Amino acid sequence: MKVKFFPYTLELKDTFTISTFSRNSTPAVIVEIEHEGITGYGEASLPPYLGESIETVTDFLSSIDFEKFDDLFKSESILHEIDQHTPGNTAAKASIDIALHDWLGKKTGYPLFRILGLDSDIKPLSSFTIGIGSKESVRKKVQESSEYPILKIKLGSDRDKETVECIRELTDRTLRVDVNQGWQNKEHALEMIEWLALKNVELIEQPLGADRIDDLVWIRERSPLPIIGDEGVKRLTDIGKAWGVYDGINVKLMKSTGILEAYKMIITARALGMKVMIGCMTETSCGISAASQLSPLADWADLDGALLIRNDLFKGTEVNSGTISIPDRPGIGIIPSQVLPSDAAT
Ligand code: MG
């Protein structure tokens, strides 16, 4: 197979702030696999805190001899070999995994969710994310997102209660809370969770640092709300360690190395009695459409990444009023919405 890729900067509609950082754009790399006259698209989205960059993705992809892969139906062994090539680089690996699955769907003529045997009529609603901000900006965001029935709010600042009270003055919509490891003290975390449980909050994501296993277990044993692991659960090998620590996991393709391992993570989590959220980074509709193929397997979805950017490159899965609509097109179902600068790099 031939692989081409080019860097692309995702411009955010608004500054996005969580407990650990603030930013206006996200670097990404768009990948194209070409084989037997069919092109598959993939994406690596690279929020800086995850440690990958356009340079590391470019170096990783440039160091692999893709030409030797000539039977793309052997995707399990191809992706295994790529994974073994160098540790880390999970978003770079995901970009190839996504493009390969897109190619496989197009080659066979079916949407990927159908190849996986999934019923696209059965899937959760997606939440819409509101970052940390002033009372005024949170109020504006809540009003602008009135068509979304579920909000995911970022907490982890010293204004948490104020933020939630401000939202509750405006709406009684379901809230999910993502702390992004932002609370420092387990007693404070539990007190906050107990308070949030009275405010119609559905779940708490990553209340403490991912390395605070004993404290997370302490919280989970006492928490009235389910505790979901995100930063603490990246790949399949993390799931065994997450059992007993979290009630559920947030699966994201950029952490998992792509669709194949995300699927295995979901099946494994289910076998252990854990809940599953399918999530995302800020991504174009390429990454979101890929993740959405697995959404029929999830209890919760958080696939608003393409709604947060102003320069999407693709048309694909849409999230309207929280409803995830997966197109009935082969592969991951995307079509470029402009001419891609694919010839700018090799
Ligand atoms: Mg999270």
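D178 lies buried in this predicted model, at a relative accessible area of 1%, where buried means under 20% relative accessible area, exposed over 50% and partly exposed in between (1.4 Å probe, protein chains only). D230 is likewise buried, with 2% relative accessibility. Because the model is predicted, local features need pLDDT of at least 70 and side-chain atom pairs count only at pLDDT 80 or more, while totals for chains, interfaces and linings use all residues. Residues are numbered from 1 along each chain as its sequence is written, and side-chain values use heavy atoms, with hydrogens and water left out.

Both aspartates belong to a metal site. The magnesium ion is coordinated by D178 (OD), E205 (OE) and D230 (OD) at 2.1 to 2.2 Å; donors are N, O and S atoms within 2.8 Å of the metal (3.2 Å for Na, K and Ca), and sites may look incomplete since water is not among the atoms. Along the sequence, these donor residues follow the spacing D-x26-E-x24-D. D178 sits in strand β6 (residues 174–178) and D230 in the loop between β8 (227–229) and α9 (239–242), so that this pair, 52 residues apart, links distant parts of the chain.

Turning to helix packing, the axes of α1 (residues 54–62) and α3 (residues 90–108) come within 9 Å and cross at roughly 55 degrees. The two helices are therefore oblique to each other. From α1, V57, F60 and L61 make the contact (heavy atoms within 4.5 Å), and from α3, A92, K93, S95 and I96.

Methods. Axes fitted to C-alpha atoms, helices over the stretch in contact; angles between N-to-C directions. Helix = DSSP H or I, 4+ residues; strand = E, 2+ residues; numbered from the N terminus. Parallel < 35°, antiparallel > 145°, perpendicular 65-115°, else oblique.
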